[in-house]
Amino acid sequence: MASAGDDNLFTGPIGEEYDFLPMICPNVVTVTTNLGATVAAWRPGAALRGLEIGCGTGTSTRSLLSQRDDLNLLAVDASPAMLNQARENLASYARAGRVEFIESDALVYLRALPDESIDLVASNYAIHNFDHRYRRELFAEILRVLEPGGLFVNGDRFALDDHALQLASTQADVRNMFKVFGEAKRYDLLEDWIVHLFSDESASRLMYSSATLSTMRALGFADVRSNYREGVDMLVTATKPSSAARDID
Ligand SMILES: C[S@@+](CC[C@H](N)C(=O)[O-])C[C@H]1O[C@@H](n2cnc3c(N)ncnc32)[C@H](O)[C@@H]1O
């Protein structure tokens with residue numbers, strides 16, 4: 001069985017002080033807003049059953065729920081530290097029955113879901129954390145659980161296909177981390193985020209843009225496209241083909 005890797009650093013100090021993220025990754029704010037806006041614009045008027053993978057502290061969950069009243073979400077995350085914050089931050093949505101928070105490994109949870117039982121799957125800045133094998137299995141499971149015509153939307157860090165540009169982007173990230181955490185005198189968080197960056201950038205995990213979109217198409221997703229890109233930050237959408245379209249293929 002593929003594993004996500006046992007170094008989910010969101011279980012430690014990074015997860016407890018996650019509010020630093022927009023300072024070290026400013027495009028996160030735009031991507032997160034666009035994630036919710038994309039779902040809000042999809043199939044207007046239809047009540048939707050959604051699944052969010054790696055909901056974290058609930059920032060992306062809030063973007064999804066606040067922009068679409070007829071969306072109900074299952075929000076999965078493997079880190080208790082992150083989920084506790086999400087439960088607190090989105091208590092009113094939980095009380096209203098709009099969201100159920102689930103502590104689980106994403107792939108384990110997906111495997112237990114029936115075929116074609118979800119209208120849309122959303123994720124924000126989680127899937128780049130996974131290794132290639134886990135990510136491929138995750139995409140295959142997302143496709144299986146989506147109903148025909150269902151939507152997959154992923155806001156995330158996608159490595160630049162040009163290796164020199166990707167290196168320059170990583171170097172800029174490191175410099176910015178030293179600036180942000182140095183000014184805050186938070187060398188403990190600096191250390192953890194640099195270690196986390198090394199993990200994300202390792203050969204077994206780095207999520208290159210073109211290769212990832214090609215993998216999704218090869219697995220059977222349709223309409224795979226980037227809707228926003230600024231540096232490594234990108235919002236990708238894809239759909240599960242309807243039965244009729246699959247029969248024609
Ligand atoms: C960078 S955070 C993003 C959180 C949130 N989506 C946001 O936009 O703020 C990534 C999240 O993915 C979660 N995660 C990492 N590996 C996971 C796994 N195998 N299964 C479920 N969640 C996982 C982490 O615990 C973390 O909360």
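**Notebook: helix packing and selected residues**

I began with helices α9 and α10, whose crossing is right-handed. For the record, a crossing is right-handed if the near helix is turned clockwise from the far one by less than a right angle, and left-handed if anticlockwise. I am working from a predicted model, in which local features need pLDDT of at least 70 and side-chain atom pairs count only at pLDDT 80 or more, while totals for chains, interfaces and linings use all residues. Residues are numbered from 1 along each chain as its sequence is written, and side-chain values use heavy atoms, with hydrogens and water left out.

**Entry 1: α9 and α10**

I looked up the packing angle of α9 and α10 and found about 165 degrees, with the axes 9 Å apart. That makes α9 roughly antiparallel to α10. Axes are lines fitted to C-alpha atoms, for helices over the stretch in contact, and angles run from 0 to 180 degrees between N-to-C directions. Helices (H or I, at least four residues) and strands (E, at least two) are DSSP runs numbered from the N terminus.

Which residues meet here? On the α9 side I listed T170, D173, V174, M177, F178, F181 and G182, and on the α10 side Y187, L189, L190, W193, I194 and L197. Contact means heavy atoms within 4.5 Å. By class, I noted ten nonpolar, two polar and one charged residues in the contact of α9 with α10. Ala, Val, Leu, Ile, Met, Phe, Trp, Tyr, Cys and Pro count as nonpolar, Asp, Glu, Lys and Arg as charged, and the others, Gly among them, as polar.

I then checked G182, which sits in helix α9 (residues 163–183). G182 counts as buried at 17% relative accessibility. The cut-offs are under 20% relative accessible area for buried, over 50% for exposed, and partly exposed in between (1.4 Å probe, protein chains only). Leaving aside neighbours within four places in sequence, I have G182 in contact with M177 and Y187.

Is F198 buried or exposed? F198 lies in helix α10 (residues 187–200) and is exposed, with a relative accessible area of 64%. I also took the C-alpha separation of F198 and T170: 9.6 Å, for residues 28 apart along the chain.

**Entry 2: α8 and α11**

I found that the axes of helix α8 (residues 132–145) and helix α11 (residues 209–219) come within 10 Å and cross at roughly 45 degrees. That makes α8 oblique to α11. The crossing of α8 and α11 is right-handed. R136, F139, A140 and L143 of α8 make the contact with T212, T215, M216 and L219 of α11. By class, this contact of α8 with α11 has five nonpolar, two polar and one charged residues.

I located H128 in the loop between β4 (118–124) and α8. H128 is buried, with a relative accessible area of 7%. Its side chain makes a polar contact with the side chain of D156 at 2.6 Å. A polar contact is a pair of N or O atoms within 3.5 Å; within protein, one must be able to donate a hydrogen and the other to accept it, and residues adjacent in sequence count only if both atoms are side-chain atoms. Not counting residues up to four places away in sequence, H128 touches R135, D156, R157, D200, R205 and M207.

S63 is in helix α4 (residues 59–67) and is buried, with a relative accessible area of 9%. I noted a polar contact between the side chains of S63 and Q67 (3.1 Å). Setting aside neighbours within four places in sequence, S63 is in contact with T32, T33 and G36.

**Entry 3: α5**

Which residues of helix α5 (residues 80–89) are buried? I have A81, M82, L83 and A86. The buried residues of α5 pack against α1 (13–16), β2 (71–77) and β3 (99–103).

**Entry 4: positive phi**

I looked up R43, a residue other than glycine with a positive phi, near 45 degrees. R43 is in the loop between α3 (28–41) and β1 (48–53) and counts as partly exposed at 30% relative accessibility.

For D223, also a residue other than glycine, I have a positive phi near 50 degrees. D223 is in strand β6 (residues 222–230) and counts as partly exposed at 43% relative accessibility.

Terms used: Parallel < 35°, antiparallel > 145°, perpendicular 65-115°, else oblique.
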